[in-house]
Amino acid sequence: MSAHPAGVQTGRTTPHARPRLTLAIERVLGVSARQAVSAVFGFDPASPLVVSAEFTVEGGPCAHWHIGRDLLRQGLYARSGLGAVQVWPSHPGDRTTARLQLVSGDMAALFELPTPPLARWLEHTYQLVRAGDELSGVDWSATAADLLTGPRAPLDR
C-alpha cells in the first residue's frame, strides 16, 4: 500500500516534496454539454497558501491558476470564495463532486471535480504544512524592511 493518496504523484516525502494530482475532469458547457479536461493540481510547501492548477483541453491551450488552498478545501464541503474563484459541493446522481468556477475578465469556466481524490490529496498537503503553519517560516523583520526600503540586492560573489 502506498503512503500517498491515489493519484498523488510525488517522490519521497520530505519538507521539500511537491505533490501533484492529475485528474480527468469536465468543463460544464451547458445543461447536457460537457468537455473533457485534464487538470493537474500542484502544491509547493514553500508557498503553502496556494495550490497551482493547470487545465488542459486536448489540442487546446493550457490555463494556469493559483487557488487558495483553504478556499479549495472548504469548497469541497460548503460554498467558498468570492469573485474570480468559487467552489461549492455538488451531488449529481450518486457521485460526489464539487463545482469550480473561474472568472477572468469577461471569460468564465465552470468545472466539475471529483471530490474524493481531491480531498485526499489536499489532506496530504496539510500533512506537509499544517493549517496555521503556512507563514511560520517567514522572516517578518526582513519582510517589513523590504516593504519600507525595497528588496535588498543579492550579495556579490
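Glu-26, Arg-34, Arg-99 and Glu-112 are linked in a network of salt bridges, a salt bridge being a side-chain nitrogen of Lys or Arg within 4 Å of a carboxyl oxygen of Asp or Glu. The model is a predicted one, in which local features need pLDDT of at least 70 and side-chain atom pairs count only at pLDDT 80 or more, while totals for chains, interfaces and linings use all residues. Residues are numbered from 1 along each chain as its sequence is written, and side-chain values use heavy atoms, with hydrogens and water left out.

Side chains of opposite charge can pair when their charged atoms come close.

By this rule, the count of salt bridges comes to five. One of them joins the side chains of Arg-18 and Asp-44 at 3.2 Å, N to O. This pair links distant parts of the chain, with Arg-18 in the loop between strand E1 (8-9) and strand E2 (20-28) and Asp-44 in the loop between E3 and E4, 26 residues apart; helices (H or I, at least four residues) and strands (E, at least two) are DSSP runs, numbered from the N terminus. Arg-18 is exposed, as its relative accessible area is 53%, whereas Asp-44 counts as partly exposed at 22%.

Arg-73 forms a salt bridge with Glu-123, the closest N and O atoms being 2.9 Å apart. Here too the partners come from distant parts of the chain, Arg-73 lying in helix H1 and Glu-123 in helix H2 (residues 115-128), 50 residues apart. Arg-73 has a relative accessible area of 27% and is therefore partly exposed, and Glu-123, at 32%, also counts as partly exposed.

Which residues lie nearest the centre of the largest pocket? Of the 16 residues that line this pocket, they are Arg-27, Phe-55, Ala-63, Ala-109 and Phe-111. On a 1 Å grid over the protein atoms alone, a pocket is an open set of points where a 1.4 Å probe fits, with protein on both sides within 12 Å along at least five of seven lines, and lining residues have an atom within 4 Å of a point. Strands E3 (34-42), E4 (50-56), E5 (62-68), E7 (97-104) and E8 (107-114) each give two or more residues to the lining, and E8 supplies the largest share, four residues.

Ser-80 counts as buried because its relative accessibility is 6%. Leaving aside residues up to four places away in sequence, Ser-80 touches Leu-71, Gln-74, Gly-75, Val-85, Gln-86 and Val-87, where contact means heavy atoms within 4.5 Å.

For the fold as a whole, the protein chain has three helices and eight strands, which follow the pattern β-β-β-β-β-α-β-β-β-α-α along the sequence. Of its 157 residues, 34% count as buried.

Notes:
Buried < 20%, exposed > 50% of the residue type's maximum accessible area, 1.4 Å probe, protein only.
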